[in-house]
Amino acid sequence: MDNNTLAKLLVDDFGGSSNLIEVINCMTRVRVKVRDNSKVNYGAIKSREGVMGLVEGDQIQVVLGPGKSEKVAKAMAEISNAKLSEELATSTDKESLERRTRENKESYKAKQKQSGFKKFTATIASIFVPLIPAFVGAGLIGGIASVLSNMATAGTLTGDGVNNLIQILNVMKNGLYAYLNIFIGINTAKVFGANEGLGGVVGGMVYLTGMNPDMPISNIFLGTPLAAGQGGVIGVLISVYLLSKIENALHKIIPDSLDIILVPMLSLLAVGLLTMFIIMPLAGLISNGLIGFINGVINIGGAVSGFILGALFLPMVMLGLHQILTPIHVAMIEQQGATYLLPILAMAGAGQVGAALAILVKCRKNKQITTIAKGGLPVGFLGIGEPLIYALTLPMGKAFITACLGGGIGGAVIGAIGSIGSTAIGPSGLALIPLIYQNRWLGYLAGLIAGYIGGFVLTYFFGVDQKYVDGANLDNSNKFEFK
């Protein structure tokens with residue numbers, strides 16, 4: 001369908017020319033102000049060929065993608081005689097960058113098919129994302145305690161005051177890590193629609209707190225002693241999901257007068273037995289297998305594995321597949337004190353920073369591109385790569401590929417050095433340095449520098465089209481789509 005035909009149909013869908021007040025072109029979408037929302041046929045708009053998404057509100061937003069949105073907006077304004085506006089025209093540089101990043105990201109996401117696996121990874125993310133500030137805070141406090149402990153062992157720091165401070169910091173850190181499964185149980189219950197208190201209790205069962213360690217309970221199926229913490233976070237996710245199913249089923253069959261008494265008790269009894277004797281051993285096998293496999297890939301593959309993981313991480317992010325790694329990171333931290341996968345994956349952001357620096361140098365006469373690069377670089381160094389990805393390298397096309405390869409170079413260095421882990425998840429870039437396990441931050445810094453240099457060199461020589469050097473603006477044509 002050509003743009004003029006689509007514009008005419010959209011005007012009709014919005015209730016006709018008389019119902020349109022203003023049409024606003026906003027990079028990847030057309031925003032429309034109408035007089036009467038009841039006249040808008042939202043279903044028809046969503047079904048139109050070329051429409052990638054619809055956002056309702058005071059301004060109705062039709063996602064069309066960069067380039068197309070501008071042409072359709074102009075045609076709609078001409079057909080309806082409505083006011084035509086360009087939203088970016090009055091924005092500051094910072095506002096423009098934020099809007100460009102947000103809208104390009106939404107445009108890419110709108111093009112992706114929502115498969116069952118993507119919905120699953122989104123669910124996993126909703127469980128762990130609220131805990132990221134806790135991981136960062138507790139991880140940094142634990143890092144400080146570790147540094148002080150090493151200095152005390154070496155004799156650099158002495159005295160009861162130092163020892164007391166180390167203990168105080170460890171108490172703060174363990175406020176999360178000692179009871180991590182309880183927090184995860186509560187969040188999982190919230191996401192799956194179970195009672196959050198019961199979810200926390202199920203998470204706490206994994207610790208087998210009531211069991212006498214000198215006389216452990218034997219597994220009724222295997223005959224082996226139960227092990228506290230077996231299965232960890234993966235076991236909690238499975239158990240609380242089952243809790244949600246059992247609890248909701250009981251709510252339907254138990255009379256209201258007995259609901260508050262019987263449902264919690266029966267739910268915990270059923271899930272507790274399943275957790276201790278079936279889920280924990282099974283989840284333990286899964287968790288140990290995953291962690292052993294990942295550690296093996298990193299240790300045996302070395303630089304090659306590091307390059308592949310570092311180069312492919314951003315495409316995984318674009319597809320929403322990276323969320324599935326979150327419980328694996330947490331399980332690795334829970335079992336071995338650190339995740340050795342995260343520092344390698346963090347190199348993907350270093351490649352983006354190096355690419356942005358190359359673009360800034362090579363396109364220094366292009367005001368639009370240099371403004372975007374300068375705006376995105378400060379947060380890029382700190383591991384927040386979305387402005388550089390969605391507003392700069394991805395719209396440029398080849399620069400995204402060279403940036404990914406630069407991240408692969410950084411990953412290769414981390415893989416070659418080996419044994420570089422992170423004690424928490426959340427930050428990346430320079431912000432991850434305080435969380436590097438056992439003070440191996442120099443190796444991590446070497447990987448970052450390699451990622452910066454790799455992204456810079458590859459992008460400078462192979463990632464920038466001459467038209468951008470000559471001053472052409474980004475048209476955000478979305479050359480690379482991730483479906």
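Modeller: Let's start with a local pair: Lys 74 and Glu 70 sit four residues apart in helix 3 (residues 68–80), so about one helical turn separates them. Bear in mind that this is a predicted model.

Colleague: Happy to. What do the side chains of Lys 74 and Glu 70 meet in?

Modeller: The general idea first: side chains of opposite charge can pair when their charged atoms come close. Here, the side chains of Lys 74 and Glu 70 form a salt bridge, at 3.3 Å from N to O.

Colleague: How many salt bridges does a search of the whole structure find?

Modeller: Five. One of them joins Arg 48 and Asp 13, with 2.8 Å from N to O. That pair links distant parts of the chain: Arg 48 is in the loop between helix 2 (42–47) and strand 3 (53–55), while Asp 13 belongs to helix 1 (residues 3–13), 35 residues apart.

Colleague: How should I read the accessibility of Arg 48 and of Asp 13?

Modeller: Take each partner separately. Arg 48 counts as partly exposed, with 24% relative accessibility, whereas Asp 13 is buried at 5%.

Colleague: Which residue forms a salt bridge with Lys 398?

Modeller: Asp 465 does, and the closest N and O atoms are 2.7 Å apart. Again distant parts of the chain are linked: Lys 398 is in helix 17 and Asp 465 in the loop between helix 18 (441–462) and helix 19 (466–469), 67 residues apart. Lys 398 is partly exposed at 38%; Asp 465, at 17%, is buried.

Colleague: Now the nonpolar surface. Which residues make the nonpolar patch?

Modeller: Val 304, Phe 307, Ile 308, Leu 312, Ile 401, Leu 405 and Ile 409 make a patch of about 560 Å². Helix 11 (256–319) and helix 17 (398–417) each supply at least two of its residues, and helix 11 gives the most, with four.

Notes: Residues numbered from 1 in each chain as written. Predicted model: local features only at pLDDT ≥ 70, side-chain atom pairs only at ≥ 80, totals over all residues. Heavy atoms only, no water. Patch = residues over 30% accessible without salt bridge, like charges linked within 9 Å, V, L, I, M, F, W, Y side chains within 5 Å. Areas by Shrake-Rupley, 256 points an atom, 1.4 Å probe, with all protein chains shown as cover. Salt bridge = Lys/Arg side-chain N within 4 Å of Asp/Glu carboxyl O. Buried < 20%, exposed > 50% of the residue type's maximum accessible area, 1.4 Å probe, protein only.
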